Amino acid sequence: MHRPPAADHRPPHLFIEHKGDTEKFYNILGVSKNADASEIKKAYRKAALKWHPDKNSDGDEAQRAHAEKMFKEVGEAYAILSDGQKKA
């Protein structure tokens, strides 16, 4: 696993090599592969609101766990797709 420089405080999962997984990230955000940065950002915000743990605190434990998992995946997808070097 690729490690970040010491001054970078982002979570380690954002530094994993994601070659070949970009199609999954487009699907998570619900955008096409030729989506521009503004479309990706808009889709991210919509999905982040949908899956935010505070918005999904009413369900049972399984629903809350699923929402938390999806929220993390949405964040990871945006981190990859919004970074031109990681997306390529």
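Trainee: What share of the contacts in the protein with a separation of 6 or more comes from residues 24 or more positions apart?

Mentor: Quick reminder before we dig in: this is a predicted model. The share is 47% of those contacts.

Trainee: Got it. Which elements does the protein have, and in what order do they run from the N terminus?

Mentor: Start with the inventory: four helices and zero strands. From the N terminus on, they go α-α-α-α. On burial, 27% of the 88 residues count as buried.

Trainee: Let's take a helix pair. At what angle do H2 and H3 pack?

Mentor: Look at the angle and the axis distance together. H2 covers residues 37-51 and H3 covers residues 61-81; they pack at about 165 degrees, with axes 9 Å apart. Angles over 145 degrees count as roughly antiparallel, so that's what H2 and H3 are to each other. As for handedness, H2 passes H3 in a left-handed crossing.

Trainee: And which residues make that contact?

Mentor: On the H2 side you have Ile40, Lys41, Tyr44, Ala47, Ala48 and Trp51; H3 brings His66, Ala67, Met70, Phe71, Val74, Gly75, Tyr78 and Leu81. Sorted by class, that's eleven nonpolar, two polar and one charged.

Trainee: Now H1 and H3. How are those two oriented to each other?

Mentor: H1, residues 22-29, packs with H3 at about 120 degrees, and the axes are 9 Å apart. The roughly perpendicular range is 65 to 115 degrees and roughly antiparallel begins over 145, so H1 and H3 end up oblique. Their crossing is left-handed.

Trainee: Which residues meet there?

Mentor: From H1, Thr22, Phe25, Tyr26, Ile28 and Leu29; from H3, Glu73, Val74, Glu76, Ala77, Tyr78, Ile80 and Leu81.

Trainee: Why does Ser82 count as partly exposed?

Mentor: Check its relative accessibility against the cut-offs: buried is under 20% and exposed is over 50%. Ser82 comes in at 42%, so it counts as partly exposed.

Trainee: What does the side chain of Ser82 reach?

Mentor: The backbone oxygen of Tyr78, at 2.6 Å. Tyr78 is also among the H3 residues in the contact with H2. One more distance for your notes: the C-alpha atoms of Ser82 and Tyr44 are separated by 9.9 Å, though these residues are 38 apart along the chain.

Notes: Residues are numbered from 1 along each chain as its sequence is written. This is a predicted model: local features need pLDDT of at least 70, side-chain atom pairs count only at pLDDT 80 or more; totals for chains, interfaces and linings use all residues. Side-chain values use heavy atoms; hydrogens and water are left out. Axes are lines fitted to C-alpha atoms, for helices over the stretch in contact, and angles run from 0 to 180 degrees between N-to-C directions. Angles under 35 degrees count as roughly parallel, over 145 as roughly antiparallel, 65 to 115 as roughly perpendicular and the rest as oblique. A crossing is left-handed if the near helix is turned anticlockwise from the far one by less than a right angle, and right-handed if clockwise. Contact means heavy atoms within 4.5 Å. Ala, Val, Leu, Ile, Met, Phe, Trp, Tyr, Cys and Pro count as nonpolar, Asp, Glu, Lys and Arg as charged, and the others, Gly among them, as polar. Buried means under 20% relative accessible area, exposed over 50%, partly exposed in between (1.4 Å probe, protein chains only). A polar contact is a pair of N or O atoms within 3.5 Å; within protein, one must be able to donate a hydrogen and the other to accept it, and residues adjacent in sequence count only if both atoms are side-chain atoms.
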